[in-house]
Amino acid sequence: KTGDLVLFSGIDPYSRLVKVGTNSKWSHVGLICESPQHDILTMWESSIREDTIDVEIGEHREGVRLVSFHERVKAFEGEIFIRQLQGDELTNENLRCLFDLREELRGRAYERNKFELIKASNERAFRNTVEDLSSLFCSELVAEAYQRLGLLTEEKPSNDYAPVDFSYDRMQSLQGRFYLSEEIAFSVDI
């Protein structure tokens with residue numbers, strides 16, 4: 001349902017680089033976003049891949065996009081896990097904030113500043129201190145969505161999150177009475 005996280009552990013060279021750089025199993029994260037305009041389950045993500053059609057524009061593109069969850073999973077090589085958003089229900093106001101953010105960030109490019117990606121994965125030396133939403137990487141998009149939904153505080157900028165930060169080891173409780181389930185393995189029959 002809307003707010004659930006999808007964690008990816010890819011096997012391609014870029015995914016392996018992300019996993020080594022973040023000392024993590026996770027190379028990508030997306031957000032389930034049920035969309036009343038579409039009769040399919042959709043996932044919101046920012047990706048360098050152009051393997052799945054953005055259902056809002058009907059084209060393959062990189063960057064911030066809304067994709068068919070089923071098609072994205074079919075195109076992915078590696079392991080996929082789901083973390084379900086639990087506790088309270090998202091309110092209409094929460095969902096309106098998410099819709100507004102989707103409109104604000106529609107069509108944004110994948111993160112151009114590779115140093116920003118490196119800083120997000122470094123826990124000690126460098127940190128992102130100023131938020132920049134002109135281009136986004138996957139975990140930055142999810143963190144910003146969770147902040148706008150009131151699930152995460154704004155103490156840490158959204159561009160200071162890496163996919164590993166959404167793992168069970170790093171994130172369990174959220175703001176209010178929300179929390180995330182353990183990581184649940186997911187597979188799809190093609």
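Leaving aside its neighbours within four places in sequence, which residues is Asp165 in contact with?

Author: Leaving those neighbours aside, Asp165 is in contact with Lys156, Asp160, Arg170 and Met171, where contact means heavy atoms within 4.5 Å. The model is a predicted one, in which local features need pLDDT of at least 70 and side-chain atom pairs count only at pLDDT 80 or more, while totals for chains, interfaces and linings use all residues. Residues are numbered from 1 along each chain as its sequence is written, and side-chain values use heavy atoms, with hydrogens and water left out.

Asp165 lies in the loop between α5 and β11 (179-180); helices (H or I, at least four residues) and strands (E, at least two) are DSSP runs, numbered from the N terminus. With a relative accessibility of 9%, Asp165 counts as buried, a word that stands for under 20% relative accessible area, with exposed for over 50% and partly exposed for what lies in between (1.4 Å probe, protein chains only). Val29 is 136 residues from Asp165 in sequence, and their C-alpha atoms are 9.9 Å apart in space.

The charged end of Lys156 sits over the ring of Tyr161, 4.3 Å from its centre; the criterion is NZ of Lys or CZ of Arg within 6 Å of the ring centre and within 35 degrees of the ring normal. Tyr161 in turn forms one aromatic cluster with Tyr146 and Phe166.

Two members of that cluster, Tyr146 and Phe166, also belong to the largest nonpolar core, which has 32 residues and in which Leu31, Trp44, Tyr146, Phe166 and Leu174 touch the most other members. Such a core is a set of buried Ala, Val, Leu, Ile, Met, Phe, Trp, Tyr and Cys residues joined through side-chain atoms within 4.5 Å. The elements giving two or more residues to this core are β1 (5-10), β2 (28-32), β6 (63-68), α3 (92-105) and α5 (138-148), and the largest share, six residues, comes from α5. Not counting residues up to four places away in sequence, Tyr146 touches Gly3, Leu5, Leu31, Leu85, Leu151, Leu152, Leu174 and Leu180. Apart from this core lies another, of ten residues, among them Val6, Met43, Phe69 and Ile82.

Ten of its eleven residues are buried, so α5 is largely enclosed by the rest of the structure; the buried ones include Cys138, Leu141, Glu144 and Tyr146. Just after α5, Gly150 takes a positive phi of about 80°. The helices α3 and α5 pack at an angle of about 140°, with their axes 9 Å apart, the axes being lines fitted to C-alpha atoms over the stretch in contact, and the angle running from 0 to 180 degrees between N-to-C directions. Cys97, Leu98, Leu101, Glu104 and Leu105 of α3 make this contact with Leu141, Glu144, Ala145 and Arg148 of α5. In the loop between α3 and β9 (109-110) is Arg106, which at 37% relative accessibility counts as partly exposed; its C-alpha atom is separated by 6.9 Å from that of Arg65, 41 residues away along the chain.

Elsewhere, a search of the whole structure finds five aromatic pairs, a pair being rings of Phe, Tyr and Trp (its six-membered ring) with centres within 6.5 Å, and with planes under 30 degrees apart counted as stacked, over 60 as edge-to-face and the rest as tilted. One of them, Phe8 with Phe76, is edge-to-face, at 4.8 Å centre to centre and 65° between the planes. This pair links distant parts of the chain, since Phe8 is in strand β1 and Phe76 is in the loop between α2 (69-75) and β7 (78-83), 68 residues apart. Phe8 counts as buried at 0% relative accessibility, and Phe76 counts as buried at 10%. The charged end of Arg72 sits over the ring of Phe8, 5.1 Å from its centre.

As for the whole protein, its secondary structure comes to five helices and twelve strands, and buried residues make up 49% of its 190 residues. Among contacts between residues at least 6 apart in sequence, 61% join residues at least 24 apart.
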